[in-house]
Amino acid sequence: MWKNFPLFPEQASTLASKVDALYFTFLGISTFFGLLVAGLVIYFAIRFRRRSPEEIGRPEKAGLWMEVTWSVIPLIILLGMFAWGAKVFVEAFRPPGNAVEYFVTAKQWMWKFQHPQGNREINDFHVPLGQPIRLTMTSEDVIHSFFVPAFRVKADVLPGRYTTVWFEANKTGTFHIFCAEYCGAEHSMMRGSIIIMEPADYELWLAGRESGPSVVASGEELFQVKACNTCHRSDSATLAPILHGAFGEPVELADGSVQVVDENYIRESIMNPAAKLVKGYKPLMPTYQGQITEDEVIQLIGYIKSLASDATEEEATLPALPDEG
Amino acid sequence: MSETVTTPARRKNYLNAEYGIKSWLLTKDHKRIAILYLVSVTFFFMLGGIMAAFLRLELATPLGDMVEPDTYNRLFTAHGVLMVFLFLIPAIPAVLGNFLIPLMIGAKDLAFPKLNLGSWYVYNVGATLMVAALLRGGTDTGWTFYTPYSSVFADSEVILTALGVFVAGFSSIMTGLNFVVTIHRMRAPGLTWFRLPLFVWSMYGTSLVQILGTPVVAIAIVLVAAERLLNIGIFDPALGGDPVLFQHLFWFYSHPAVYIMILPAMGVISELIAAFSRKRIFGYKFVAFSSLAIAVLGFLVWGHHMFISSQSLYAGLIFSVLSMLVAVPSAVKTFNWTATLYQGSISWQTPMIYALGFIGLFVVGGLTGVMLATLGLDMHVHDTYFIVAHFHYIMVGGAIMAYLGGMHYWWPKITGRLYSVFWSKISAGLIFVGFNLTFFPQFVLGYLGMPRRYHAYPEEFQILNVLSSAGATILGLGYLLPLIYFIWSMRYGERATDNPWGAYGLEWETSSPPPTYNFDEPPVVTTEAYDYLAMRDKRVA
């Protein structure tokens, strides 16, 4: 048990060293102030200890300048820490443009991962080194939280909506995935491993496994099977809006407000189509709540995202893999 | 301020004024109600402590090999619910506040004595519901009741426990209301706002939070019950609800509730530092107003519990900066306490040991709180043992250290008896060492990535967990000692003088224990708070 006694987690992402820098700086400042206060308290308590039972303390006038000093100095340090912490957070919040999208579905008590190429894994998650990866995550039941300590990233995974988190691994190896939000009986066993591989090894790994159709291809098939294509046609907007080129663009809703077509809006429109109708359409679409799994919704969204207005653009939205070697 | 020894002959006081169980259960005397609360909160502290003992025992090994996972979840839920709602929230206000506020302001009683007694009964109804839930198998949602787990998925006594929390909340509102009215209307002649003891100021701030915050958690609980029982979609996305809405409602109360726990503690510490330095608190007005600043700002920071719960980036930024601001009044208090020691006449009595220990632990708890308010850091340590360590430093290292310090300080006034100096110092030492050994390793565990509420964990976390469990054993022993020597002192302890510490304050001017209506002559205040110089002059004259 003494063999592995780490005090700090490994750094395995580009973000990790930035979070650690923040942490160690703060630890330094905290130690300074902690020791300052403790030192003064101990020194005063000994230096001014009571020498006779009748003795009383020497009252002094509180100096306003002292109050101002010890309010303003901490305030400045605190605002500095806020700004630095915010900078790191914003960076962690906003994935870079070249991030490849992977999908995560959480349920009591497992993690399901879908690679854009169609591979699926449970609890184990293989990803390539040096490639920014964005996870689009949802839950099938309660709130979970995707946490990889070695990456210093964490984001709650909610039922009924998508959250994202991104990382770029910079060290090969196997690291813990934890569920950090309490989710029921086996919460502490809702763990997985993230396996970081050299891009070439990752390609080999992908090739060596039986892969289903890609997310986009599965979505395209579903689009037929679920009869979405009956109304959502590419050549006529009579019954339902044309989905080609819709993703990421604003649409005007029946109440006049404007909604950007994003993952959450598409999901809502599948589950509760009447909630936010596009202007000019009647609430004809039935709900798919209960008739479609979260994995399938993800595939449909993947497909809709891939539908560029111009067929030639289709390739651009397909996830790009890092170059080999 | 008289320091003459009260004649040991049985003076009439609130304890021997009447006898019999009825004289206690139907009392309207704030001091007796404080004792009733003392018995109740001590009981629930022990019950919550036993739950913690099971948790630490289970966590001594990485495998979940002692109890079933489901049992473990019910244990930590019970530990949290009992400690927060039945111990920490009422402890200082309902025991020390109840006993001391009328004494400190020179009043006969609180403004609404019947409401005060009623609050104790309401507390016990709430407590009974929670205990009933425990006996029926307990609840497994965590004390935070996050939806949709609590409202749809959990198969345990959620409703009964939540109802208990709901009811107990009203007792807290009643106490707060009573204190606000009392402090406004019943101060002795000459006792202006700026002559009030700082404990009264902090209780005033606390009361405002109790009155304004508690209804919101009550609403949140009703909504969870509505969803569970009536299938109304409020938090469950499958019914069109929003699971994060619950977190907003819950933390809108439960973050200020942290200040319900720590503000009274800060008030106690101000009293202890003044008394055992025999000196006016440095920067009295700054300390007084910092209590109000904390009470107000405390309402504006709830979103820092949700930085990574899909809250928008901008909401995160605003809640982060506001959380930074709330650290300033806490820092002001700490620096003022430290400055008070300078040129004081410092006596190392047991209550002072607690007070100095409090400062150390509170500084650690406060600084780690600032780390958690820092967005980039919270992302990593949120929902890990870092959080667990942080809030135990505030609630146990802060609130309980202050509560025990206060109990040791006012015990001679409450019971008229002295306890063993030797054992009380041993116990204070054990608690300080045991506490740090229990919770400091948890900061390291948290940064390493061990999530909270884990029944089993990867092997590399074991050494730190063993340290923590070992510390918990020492801490438990430290808590057991006062229970023994306090009870022992009630019968065998030396009789206390009216003012055994030579401290300033109206509560020390009446006899120990005080008569039923507190003062034989209604007091008139002519000096500033903690004016030890005037007190000495008066005695010499």
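## Domains of chain A

Chain A falls into three parts: domain 1 (16-44 + 63-93), domain 2 (100-207) and domain 3 (215-317). This is a predicted model. Between the C-alpha centres of domain 1 of chain A and domain 3 of chain A there are 49 Å.

## Overall form of chain B

Chain B holds 16 helices and zero strands. Its C-alpha trace spans about 75 × 45 × 45 Å along the principal axes. A compact globule of 541 residues would have a radius of gyration near 24 Å; the value for chain B is 23 Å, so the two agree.

Of the 541 residues in chain B, 63% are buried. Contacts across the sequence are also counted. Taking contacts in chain B with a separation of 6 or more, 85% join residues 24 or more positions apart.

## Where the chains meet

The contact draws 75 residues from chain A and 77 residues from chain B. On the chain A side, at least two residues each come from helix H1 (16-47), helix H2 (64-93), strand E6 (144-148), strand E7 (153-157) and strand E9 (173-179). H2(A) gives the most, with 16 residues. By type, the residues of chain A that touch chain B are 48 nonpolar, 14 polar and 13 charged.

## Helix H3 of chain B

Helix H3 of chain B covers residues 69-105. At 1.5 Å a residue, its 37 residues should span 54 Å; the end C-alpha atoms are 51 Å apart, which agrees. H3(B) does bend, by about 60 degrees at B:Pro90.

H3(B) is mostly covered, with 34 of its 37 residues buried. B:Gly106 follows the helix, and the phi of B:Gly106 is positive, near 75 degrees.

B:Pro62 sits in the loop between helix H2 (30-58) and H3 of chain B. B:Pro62 has 16 C-beta neighbours inside 10 Å, so this residue counts as partly exposed.

Which residues does B:Pro62 contact, leaving aside its neighbours within four places in sequence? They are B:Ala456, B:Tyr457, B:Pro458, B:Glu459, B:Phe461 and B:Gln462. B:Asn465 is 403 residues from B:Pro62 in sequence, yet their C-alpha atoms are 8.6 Å apart in space.

## Helix H9 of chain B

Helix H9 of chain B runs over residues 284-297. Its 14 residues should span 20 Å at 1.5 Å a residue, and its end C-alpha atoms are 20 Å apart, which agrees.

The buried residues of H9(B) are B:Tyr284, B:Phe286, B:Val287, B:Ala288, B:Ser290, B:Ser291, B:Ile294 and B:Ala295. An α-helix has 3.6 residues a turn, so residues three or four places apart point the same way. The cover over the buried residues of H9(B) includes H2 of chain A. From chain B, the cover includes helix H7 (198-230), helix H8 (243-277) and helix H10 (313-341).

## A residue in helix H13

B:Ile394 lies in helix H13 (residues 385-415) of chain B. Is B:Ile394 buried or exposed? B:Ile394 is buried, because 22 other C-beta atoms lie within 10 Å and the cut-off for burial is 20 or more.

Leaving aside neighbours within four places in sequence, B:Ile394 is in contact with B:Val258, B:Ile262, B:Gly365 and B:Gly369. B:Leu361 is 33 residues from B:Ile394 along the chain, and their C-alpha atoms are separated by 7.5 Å.

Technical notes. Residues numbered from 1 in each chain as written. Chains lettered and ligands numbered in written order. Predicted model: local features only at pLDDT ≥ 70, side-chain atom pairs only at ≥ 80, totals over all residues. Domains from an automatic or database assignment. Helix = DSSP H or I, 4+ residues; strand = E, 2+ residues; numbered from the N terminus. Expected span 1.5 Å × (residues − 1). Bend = angle between axes of the 7 residues up to and from the residue. Buried ≥ 20, exposed ≤ 12 C-beta atoms within 10 Å, placed from the backbone. Rg over C-alpha atoms; globule rule 2.2 N^0.38 Å. Contact = placed C-beta atoms within 7 Å. Nonpolar A, V, L, I, M, F, W, Y, C, P; charged D, E, K, R; others polar.
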